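Subject: Structure for your files

Hello,

Here is the structure I said I would pass on. My notes follow below it.

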Amino acid sequence: MSGHGSNGMQVFAGRHSKPLARLVCERLNLPLGDAKTSVFPDGEILVKLDEDVRGRDCFVLLSTCQPVNENLVELFIFMDTLKRASADRITAVIPYFGYGRQDRKDTGRVPITAKLAANLITKAGADRVLAVDLHAAQIQGFFDIPVDHLTAAPVFLDHFRSRREEIGDLCIVSPDVGNVKVAEKMANLLDADLAIINKRRVSGSEVVSSHIIGSVSGRTVIMFDDIISTGGTVCQAAKLLVEDGGASRVIVAATHAPMVGPAIERLKASPISSIVITNTIPLDGRADPIKDRLEVLSVSNLLGDAIHNIHHDLSISALFRDAVGPKR
Ligand code: R5P
């Protein structure tokens with residue numbers, strides 16, 4: 001047989017990532033691997049596999065979203081369990097990679113936790129990693145094992161292409177300089193202009209968006225970002241685009257939506273008319289107050305196809321041939 005692992009593949013999931021993992025398994029036409037995570041009264045985590053994995057090509061799907069530390073430890077323990085049960089190969093499928101934004105020392109005496117998380121994931125037993133829209137492409141290099149880096153861009157592209165005519169005069173906006181490359185590719189593919197916002201981060205939850213480079217007056221704007229965390233970035237930018245720039249409509253598109261702290265209140269009060277996110281992080285009802293403005297796209301087919309290709313030693317970049325690829 002072609003592919004890795006003489007007995008085929010198995011996909012397991014962490015507690016908080018089961019809804020996405022089930023969709024991925026549907027795409028793969030596989031049952032979700034039989035395993036249970038339980039928590040001891042003192043908070044320690046136990047993972048128990050209820051099926052044989054000896055010699056198999058195993059995938060563990062787990063987003064290290066909130067509660068970040070708990071999910072990260074569950075991922076370590078899952079991989080340790082698989083390793084000790086003689087899995088042939090273990091791929092950590094991390095649709096959302098928490099700690100990804102602490103990827104450099106931007107001041108003295110601070111850690112680089114993205115690198116620390118990469119070291120620990122590898123040490124715990126991962127042979128490879130499959131991730132979606134890492135905060136920065138160079139995080140791939142923090143791992144000394146192969147990393148397949150996917151992007152949700154084709155999913156967004158399909159969504160907006162099917163509405164392109166209705167949208168009319170369109171400008172794609174990058175809410176900060178970090179996301180310009182992605183916004184520029186999207187602008188080309190959606191036949192739109194590009195504008196960039198100058199953003200300064202004041203603290204973990206406060207940003208100041210001060211200037212718009214480009215013209216958005218009277219236009220529909222789609223703002224692409226990798227993540228909506230506290231909502232500061234997109235809400236400040238939306239206010240600037242409408243109040244100073246004269247944009248007629250602001251749509252926000254972001255792959256990951258932890259939407260923590262003040263995010264929901266901020267989004268509710270913002271002039272953003274539509275928020276398009278993906279299911280890399282489970283919402284668990286916390287976005288209900290903004291559900292009339294929310295659309296959740298699925299990355300399950302993308303992940304399913306990538307897992308299929310990894311198992312059969314097929315190309316991953318072939319999945320992005322006709323669309324925008326991941327950040328480089
Ligand atoms: C920043 O570099 C990121 O791309 C996001 O813009 C940012 O992390 C979003 O965080 P928040 O929603 O808290 O402003």
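The model is predicted, so local features need pLDDT of at least 70 and side-chain atom pairs count only at pLDDT 80 or more, while totals for chains, interfaces and linings use all residues. Residues are numbered from 1 along each chain as its sequence is written, and side-chain values use heavy atoms, with hydrogens and water left out.

The largest pocket has a volume of about 1200 Å³. Closest to its centre, of the 43 residues that line it, are Arg101, Gln102, Arg104, His135 and Arg201. A pocket here is an open set of points on a 1 Å grid over the protein atoms alone, where a 1.4 Å probe fits, with protein on both sides within 12 Å along at least five of seven lines; lining residues have an atom within 4 Å of a point. The volume is the space filled by probe spheres set on the points, which are joined across faces, edges and corners.

Strand 9 (193–201) gives the largest share of the lining, 5 residues. Strand 11 (220–227) and helix 7 (232–244) each supply at least two. By type, the lining divides into 14 nonpolar, 16 polar and 13 charged residues. Ala, Val, Leu, Ile, Met, Phe, Trp, Tyr, Cys and Pro count as nonpolar, Asp, Glu, Lys and Arg as charged, and the others, Gly among them, as polar.

Domains

The assignment, automatic or from a database, gives domain 1 (5–152 + 300–319) and domain 2 (154–297). Their C-alpha centres lie 28 Å apart. Each domain puts 15 residues into the contact, meaning heavy atoms within 4.5 Å. Both domains give residues to the lining of the largest pocket, so the pocket lies between them.

Sheet and hairpin

An open sheet of 5 strands has the order 1-4-5-6-7, with parallel pairing; strands pair if DSSP finds at least two bridges between them. Strand 1 (9–13) and strand 7 (147–150) are at the edges with a single partner strand each, so one side of each has no neighbour in the sheet. Strand 6 (residues 128–132) is joined to strand 7 by 4 bridges, and valine 129 stands opposite valine 147.

Strand 2 (residues 35–39) and strand 3 (residues 45–49) pair in the antiparallel sense over 5 bridges. In their hairpin, glycine 43 takes a positive phi near 100 degrees.

Regards
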